Amino acid sequence: KPKAAAHSLSNHVAAARAANANMPLHPGDVWLLSLPLFHVSGLAVLFRCALAGAAVAVPAREHPLEEQLRQAGATHVSLVPTQLQRLLDTGRGVSVLRALKGVLLGGAPMPDALVVRAWALGVPMVRSYGMTETSAQVCATAPGAPPEDLYSSGKPLTAGTVRIGDGNMIEVRGPSVFLGYWDPAGEIRRPETGDGWFCTGDTGRLDDAGRLHVVGRADAMFISGGENIYPEEIELALRALPGVEQAVVVDVAHDEYGRAPVAFVRMANGTAPSAEDLRGALMQRLPRYKVPRRYFPWPEDIPPGDKYDRECFRAAVEAEARSRPT
């Protein structure tokens with residue numbers, strides 16, 4: 001169920017100061033507001049620009065993103081991977097991105113192939129990790145980082161604020177972590193470990209260089225034939241395939257394995273996904289047990305984006321099963 005996350009002004013100021021220390025922002029700079037203000041990543045733009053004396057450009061939604069960036073004279077922008085991929089698919093989008101001072105990336109896992117492509121084209125990327133409960137980013141790569149850094153979500157912006165706890169859970173603390181969840185009784189409660197850390201619900205690891213690598217949501221993981229499967233790993237592999245614009249993987253009941261993965265795929269050219277082609281390509285990238293058993297076209301009533309309610313997709317599979325003749 002949805003939860004209301006309560007923040008203080010100081011939460012957002014702390015997050016903005018840490019972000020600006022990593023990716024400098026100055027008076028005269030212009031940050032295009034390309035993400036909605038009801039997402040913390042969009043709201044964070046206001047705080048960063050307010051502290052730095054930079055401008056926020058509110059785009060005209062009817063224009064393509066590359067045109068919005070050009071018209072605004074933008075120097076900075078926050079993008080999710082789908083937006084970056086679409087910009088890279090147009091020559092004009094590439095030239096606009098290369099002229100920026102900073103492109104902050106977050107919101108969803110990013111395929112390594114997309115990282116390499118954008119880096120080779122000279123896009124000034126900064127990858128990040130954060131969530132509503134952390135008032136946006138808590139980890140990020142440095143501007144001008146090499147590909148080996150960009151394969152990760154970067155290092156903690158403030159030392160001592162990110163760790164890996166039991167079960168490889170990512171845990172955080174510090175001044176940008178929210179006050180807690182607002183409950184129906186009017187209380188604000190923040191669940192914490194015994195020593196005061198907030199568990200994000202994401203799993204991951206810190207490498208020897210201190211960079212964070214996010215594996216996936218713990219509540220999305222399922223077991224198939226005794227093997228742990230994270231849907232995000234399969235989705236990344238799918239999105240790395242030519243012609244695939246978006247993918248969502250969910251688990252469904254399976255007589256032999258208990259649960260099994262199936263995929264919803266949105267092709268860039270609008271055609272239906274070819275199960276045979278996708279399965280063959282994934283067999284070269286993933287263990288056999290992680291390869292989806294079935295492939296569905298993207299539901300018409302769900303617009304493309306980067307965050308979805310997996311239950312909607314699971315319900316679509318169940319509805320399709322009920323409609324099949326017995």
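**Entry 1: helix α8**

I began with the buried residues of α8, and my list reads P231, E232, I234, E235, A237, L238 and R239. A reminder to myself before going on: this is a predicted model. Seven of the nine residues of α8 are buried, so the helix is largely enclosed by the rest of the structure.

What does E235 pair with in a salt bridge? I found R310 as the partner, with the closest N and O atoms 2.5 Å apart. That pair links distant parts of the chain, since E235 sits in helix α8 and R310 in helix α10 (residues 310–323), 75 residues apart. E235 has a relative accessibility of 7%, and because buried means under 20%, I noted E235 as buried.

While in this region I also wrote down a network: D251, R259, E311 and R314 are joined by salt bridges that share partners.

**Entry 2: the sheet with β17, β18 and β19**

Next I looked up the sheet. Three strands make an open sheet, in the order β17-β18-β19, with mixed pairing. β17 (244–254) and β19 (295–297) are the edge strands, each pairing on one side only. From one strand to the next, the twist averages 30°. Helix α8 (residues 231–239) packs on this sheet and touches β17, β18 and β19. I noted the angle too: the direction of α8 makes about 145° with that of β17.

How do β17 and β18 run, parallel or antiparallel? They run antiparallel, and 10 bridges join β17 to β18 (residues 258–267). The two strands form a hairpin with three residues between them. I checked two positions across the pair: A253 has R259 of β18 as its bridge partner, and V252 stands opposite A260 in β18. As a general point for my own use, strands of a sheet pair through backbone hydrogen bonds.

Then I asked how β17 is covered. Nine of the 11 residues of β17 are buried, so this strand is largely enclosed by the rest of the structure.

**Entry 3: salt bridges**

How many salt bridges does the structure hold? I have 20 in my notes. Here are two of them, beyond the E235 pair.

R86 forms a salt bridge with E245, and the closest N and O atoms are 3.2 Å apart. This pair also links distant parts of the chain: R86 is in helix α4 (residues 81–88) and E245 in strand β17, 159 residues apart. I looked at cover on either side. R86 counts as partly exposed, at 40% relative accessibility, whereas E245 counts as buried, at 14%.

D207 and R211 meet through their side chains in a salt bridge of 2.8 Å, N to O. D207 counts as buried at 16% relative accessibility, and R211 counts as buried at 17%.

L25 lies in the loop between α1 (9–22) and β2 (30–32).

Q137 came next, in strand β7. Q137 is buried, with a relative accessible area of 8%. Leaving aside neighbours within four places in sequence, its contacts include A19, R48, L104 and L157.

**Entry 4: positive phi values**

A136 is not a glycine, yet I read a positive phi of about 90° there. A136 is in strand β7 (residues 136–140) and counts as buried at 7% relative accessibility.

N168 went on the page as well, a residue other than glycine with a positive phi near 60°. I placed N168 in the loop between β9 (162–164) and β10 (169–172).

**Entry 5: a nonpolar patch**

Which residues make the nonpolar patch of about 300 Å²? I wrote down L179, W182 and I188. W182 is in strand β11 (residues 180–182). Its relative accessibility is 51%, and exposed means over 50%, so W182 counts as exposed.

Notes. Residues are numbered from 1 along each chain as its sequence is written. This is a predicted model: local features need pLDDT of at least 70, side-chain atom pairs count only at pLDDT 80 or more; totals for chains, interfaces and linings use all residues. Side-chain values use heavy atoms; hydrogens and water are left out. Patches are made of residues with over 30% relative accessible area and no salt bridge: like charges are joined within 9 Å, nonpolar side chains (Val, Leu, Ile, Met, Phe, Trp, Tyr) within 5 Å. Accessible areas come from the Shrake-Rupley method with a 1.4 Å probe; for residues, only the protein chains shown count as cover. A salt bridge is a side-chain nitrogen of Lys or Arg within 4 Å of a carboxyl oxygen of Asp or Glu. Helices (H or I, at least four residues) and strands (E, at least two) are DSSP runs, numbered from the N terminus. Buried means under 20% relative accessible area, exposed over 50%, partly exposed in between (1.4 Å probe, protein chains only). Two strands pair if DSSP finds at least two bridges between them. Axes are lines fitted to C-alpha atoms, for helices over the stretch in contact, and angles run from 0 to 180 degrees between N-to-C directions. Contact means heavy atoms within 4.5 Å.
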